Amino acid sequence: MAPMQGALAADADIALKAPPPAVELPWWTHGFVELGGRGFLNDPTYGGHIVNGQGSLAKFYEYRDLRPGPFGDFNVATGSRNGLYEIDAWGFNPGYRDQAYNAYLSKAGEQYLNLEWDQTPHVYSTSSSTLFNTNGNALTLANPNIGHQMFTQGGAGWPTVFNTPAGVTAFNTKAAAVSTIINQNVHPTDIGILRDTASVDYRYTPTDNWDIKANYSNMRRTGSQVDSVLFTATNTGSRVDVAKPVSDRTQNFGVNGEYIGTSAWGQKFNAMVGYNGSVYTDDFSGYTVQNPFCDTGFTGACAGAGTTATAPLAQMSTPPSNQMNGITGTFGADLPVNSRYMGTVSYSGMRQNDQFLPFTINPGVNLFPNAVWNPVTQKFTTTGTGVPGNSLASLPAQSLNGSINTLLINNVVTTQVTSDLKTKVSYRYYDYDNQTPQLQISDWIIADATSAKTTTNSYAPVNPLMVGYIKQNGAAEATYRPVNSVNLGASYGVEHYDFTRFDAAATTENTVKFYADWKPASWVTARASASYGERRAGDYDYLGNVGMFQWPVPNKNFGQPGTTVLTPFPNSTNYSEAYRQFYLDDRNRSQAKFQIDIDVIRNFTVTPTINIRNDGFLLTQNELGLTKDNSTAVGVELAYATTPDLRFLFSYMNEQRNQQQLVSSTNLAPYTAATSYICPNTSPNGIGVTATYNCQSYSSSISDRVNTFIFGVNYAVIPQRVELGLNYTLSMGKNSSPLFMQDGTGPVISNALGNNIAAGQFPDVTTTFQRLEANAKYTLDPDLVHSLGWTGGVSLKLRYAWERNSVTNWNTDLMQPYMYQTLMQSQVAFYQALAGNNPNYNVHMLGGTIAWAW
């Protein structure tokens, strides 16, 4: 045994190599990766039709992309341990239509760079039905023979007589054939746009005194939006709803530099000068739509022919390309006597000068700009064949040469009068100066089909309105804290507008406001405010300021010696001078807000709130419009943390809005026997029977009610290991709009014969939204994670969500591609609707993820 023992002793004397010392890397890293999947549990209908009681996922996907499938998020950050450099990058929902990516690089105290790209969807419809294919900016019929099929089946030709029993019978036969053909030829289409936005922001601070910033963004929009297209100058001709193509780009950019220094009187000041610009470019100057209610080749008869002109092809404009450039300067300085001044001057110029489209795209449709008014026939007298409306030469100008300049001047002075009293005075001046040259349009083409002058003498000439205004605001405010628990404040403000080409020449509003905060004890805080304002219009004269300039329609004696009077409503396109615009009319506004936070017991807070706004519009005798607009919001929130691991939240909000409108198709209101007028054909079975139902001014009481409940609970079953969450939201809304004539009667409807029949009130529009979400999170034991060779933390998440939106709306619930057999009215005889407004859905979704953070 001795030799073995010696060997062991010798081995014990062998020097072992020490482990290498830990080396601290010069850079730190953090990260987060979450991967998982989601799916529907109930297979909801993607594009169901509302008339069939089906749901649609349009509202569910409106601004987000939650399609079933794998998904993930990530964030990676690194930086130098001395805090000088840092790099961050993150991504959200990669591969989906609402994905977003961001990269941030910085050198502390000197340079900062942020790069971002994101997508934002806006889904309008997943259930629309269309007859068209989209080829760039041309909407062409998927079945080019559909017009011939509708023209020949169900009786040859297009019926033009609706107000006789024989005419209605003939068209019912035609309508049945048209309905079958349309339903056989429509195909589903999604309507929505996708915004792709790339942006870069850079900041450079070379010294403590200088701060320089630059930014650029490029937003690209592609997709489609809903549009309505008329092919006829009347409401009984051809009309289709289409998915108009959208393809445009908006670029915004700017640079500014700010300097912070010490003024000559030894106090701080800052000055900034900046430039900003914007360029909007539309890929299309317009788009075209074929008329499906025209015989083959668009050379034969079109629906409505025989009584009124109808276009075989419609040309629709899109927003014109335009640009804006502006400069801004701000200056702030601490002043003697504990005051500070802040001032801003900003000037911008907006320009738009795209080539005008011709009045029509169809040949053979002529203008008559030199037609002469005949006071005897009460019409314009035309000579010759006129000027081709599809020629650019027929335009009053080749482009708008649009030019709008804005000037903003803002001044604010704050003063700390004493330690308890602070004042602020301000003056703001904004000039929206429209320098666009005034156009005068002697004649124009209605719906690509016919001359305005030869259709309705009140439609031409017309002068576009080049509106402008100057807005001035002055205000004074004082806050006073008599004791630490009380803060009082009062303010006075005046706002004055001077308008160009508005119904009123000016408005002035004076407002006073009082507010207070009170904390009588550590467990209660109360806040309240109240304000009252009066707005008054100056020189409210719609016809004098706008109407007779925009639509200078001659009266029956116009053109005779000594006669220069134009024709007012109701014998012109001007609306009634009795109507008052709610944003200009005399108004008294009172508002009040109150909120109190009460800690009932430790960690249990109750917060009731109330907001009231009452607008009263001072209509006088024989004036129409909005008479009141009142709103109230009352709610309460309860938050209770029974333990650090168990928290409850409950909130309730009741919102109400009530509006009262007074409307009339006569010049005078309110109703008297002298101001009533006769509706046409009120007998449900007779033709040409003298009306016996008086129409007159009417009122509508519009009320909106919304009740919203929110409940949530979060419970850490095992703190920092197992966490559960449950949240529920219920929102119920109802809109009511009963209508009453001034003699107490209700609405009327028109039947197929054009007769007016007494009807019930408009049904309520209701919306019910519900969402239930249950979450579970399990964080793996750190020892288990480390045994797998990982660093950081790993968690598993499971989420179930139920979301349901249910809307009843008489405006849309019956919509389908062809509406005549539903409404039995001549206005929809040649109308093909998209019928794609379906906000109803019911979704059950389950998702799970694994997240790793280090």
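In helix H5, the residues Tyr542, Leu543, Asn545, Val546, Gly547, Met548 and Gln550 are buried, where buried means under 20% relative accessible area, exposed over 50% and partly exposed in between (1.4 Å probe, protein chains only). This is a predicted model, in which local features need pLDDT of at least 70, side-chain atom pairs count only at pLDDT 80 or more, and totals for chains, interfaces and linings use all residues. Residues are numbered from 1 along each chain as its sequence is written, and side-chain values use heavy atoms, with hydrogens and water left out.

**Helix H5**
- Helix H5 spans residues 542–550 and is largely enclosed by the rest of the structure, because seven of its nine residues are buried.
- The buried residues of H5 pack against strand S26 (504–521) and strand S27 (524–540).

**The chain as a whole**
- The protein chain contains seven helices and 43 strands; helices (H or I, at least four residues) and strands (E, at least two) are DSSP runs, numbered from the N terminus.
- Buried residues make up 39% of the 854 residues of the protein chain.
- Among contacts in the protein chain with a separation of 6 or more, 68% are between residues 24 or more positions apart, a contact being heavy atoms within 4.5 Å.
- Carbon and sulfur atoms hold 58% of the accessible surface of the protein chain, which comes to about 43300 Å² (Shrake-Rupley method, 1.4 Å probe; for residues, only the protein chains shown count as cover).

**Disulfide**
- The count comes to one disulfide, defined as a pair of cysteine sulfur atoms within 2.5 Å.
- Cys294 is joined to Cys302 with an S to S distance of 1.9 Å, and both cysteines are buried.
- The disulfide of Cys294 and Cys302 is right-handed, because the torsion about its S-S bond is about 100 degrees.
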